[in-house]
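Hello,

Here is the structure I promised to pass along. Please open it beside this email, and my notes follow.

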Amino acid sequence: MTSNKIELAFTRYLSPDGRLLGPLPEWADDFNLLTRLYRQMVLTRLFDQKAVALQRTGRIGTYAPTLGQEAIGVAIGSLMQPQDVLIPYYRDTAVQLMRGVRMEEILLYWGGDERGSDYAEPAVAQDFPLCVPIATQALHACGVASAFKIRGEHRVAVTTCGDGATSKGDFLEALNVAGAWQLPVVFVINNNQWAISVPRRIQCGAPTLAQKAIGAGFHGEQVDGNDILAVYDRMGVAIERARQGKGPVLLECLSYRLGDHTTADDATRYRSAEEVKQAWQEEPIKRLQSFMAGQGVWDEGREQALIGECQALVQQSVDNFEAAGTQAPASVMDHVYAKWPAVLADQREDFLERVARREGGQGHE
Ligand SMILES: Cc1ncc(C[n+]2csc(CCOP(=O)(O)OP(=O)(O)O)c2C)c(N)n1
Ligand SMILES: [Mg+2]
C-alpha cells in the first residue's frame, strides 16, 4: 500500500499579535529567559540596521540582512553549548552574536577582512566561518558530527541554510549521510520564502522542506520561525536528541525575508509591496514584545532603556571596527592553503606587484 501524504508536526505558541494559542512549555515561565531572548533579537536588529548603513556609506562590502529572521538564530544560539559547533551560512548574524562572535568581527568579515573569521571568544573558536557557497556547509557539518561520533563526544553540530539551499545536491547528500550514520547533527532551514528572486513555491514540489528528512530516515518537523517560543522549544528538543545519540533532526523554520537578499539586491523588482506589508504583521520581535506586554513584564520604559543600551553596544563595535585598520592585501591568500602551492606562486607575485604599483600611485587596477 502506498501513500503520498506525509504528516509532520508544526509548532506555534503565539499568534502574530502575541496572543497565546495554547499551553506553554514549563521553561517559558522564566521571564528572565524571555527577556534575554527579546533583548538579543533587538540587539541583532539594531546591529543589522547599522551594518546596512555602513555598506551604504562604503565602509563595508555586501551585507546579508537578518531582518525578520532574528528569532531563529537567537533560539539556536541560546540552546547550543560552548562545546557544540556551529556551521553557519551567510544570513546568520543572530546566531553568531548569540554564540559570542563580536560585532566588530562580523563587520570585519563583511568588510573583506580575514580577521573577522578568527573569533576571539574561546567558546566560539571552533565555530566555522560563514559559508557563502550554497549548501556546502551541510556536508561540512556532517564531517564535524562524524568526528564527534567517532570520538564518543557528547557534542552537537548545528548547521543552517536557506530554503533555496535545500534544492542542492550537497544538502540532500548531507541528509543522506547524516541518516545513514545517525550523526549528532541538527539541520536548521531558515525558510524565508525567497532564494534571491525565486519564490519557495517554484523551488520544490514537496509541500514542506522538513519532509526531506523522512527520505533520509530521520526526524523532520516545522515550526513558526516568527515565534521564538516555538523555535526555542523545538530546537531544544532537537539538540538534546542529537546529543543523546538518537540521530539527526531537520527543523524547518517558516519565516520571511523582510529585507533585500543582500545590500546588492533590490527586492522591489520581483515581489509586491503588499506581500511585504503582510509579512510585517508576522514579524518575531513585535510578536514577543506584545506577548510580554500582555503578561505585564514589558513596558515602554524598559523598551527605551533596552534600545539605548543596545545602540551603545552597536556604536562601540563600529568604533572598534574602524580602529582595527586595514589588513595587508596578501592576507586574502593566507588561509586558502596551509602552504601556498608552487603552481600558484606566479599569481601571488603578480598580485603583490600590482598592489605595490597601486600603493605607489603608478597603476590604476
Ligand atoms: C553554489 C552557489 N550557487 C549560487 C550562489 C548564488 N546565490 C547566493 S544566495 C542564493 C540564494 C539562496 O537562497 P536561500 O537558500 O533561500 O537562502 P537565503 O539567502 O534566502 O537566506 C544564491 C543562488 C552561491 N552563493 N553558491
Ligand atoms: Mg531563502
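The shell around ligand 1 is made up of eight nonpolar, five polar and three charged residues; here Ala, Val, Leu, Ile, Met, Phe, Trp, Tyr, Cys and Pro count as nonpolar, Asp, Glu, Lys and Arg as charged, and the others, Gly among them, as polar. Of these 16 residues, Ile134, Gly162, Gly164, Ala165 and Ala195 come nearest to the ligand (near means that the C-beta atom, placed from the backbone, lies within 6 Å). Strand 3 (157-162) and strand 5 (194-195) each give the shell at least two residues. Helices (H or I, at least four residues) and strands (E, at least two) are DSSP runs, numbered from the N terminus.

Please keep in mind that this is a predicted model, where local features need pLDDT of at least 70 and side-chain atom pairs count only at pLDDT 80 or more, while totals for chains, interfaces and linings use all residues. Residues are numbered from 1 along each chain as its sequence is written, and chains are lettered from A and ligands numbered from 1 in the order in which they are written.

The average pLDDT of the protein is 95, and 98% of the residues score at least 70 (pLDDT is the predictor's confidence in each residue, from 0 to 100).

Strand 1 joins strand 7 (residues 219-224) over two bridges, and Phe10 stands opposite Gln222 in strand 7.

Best wishes

Key. Two strands pair if DSSP finds at least two bridges between them.
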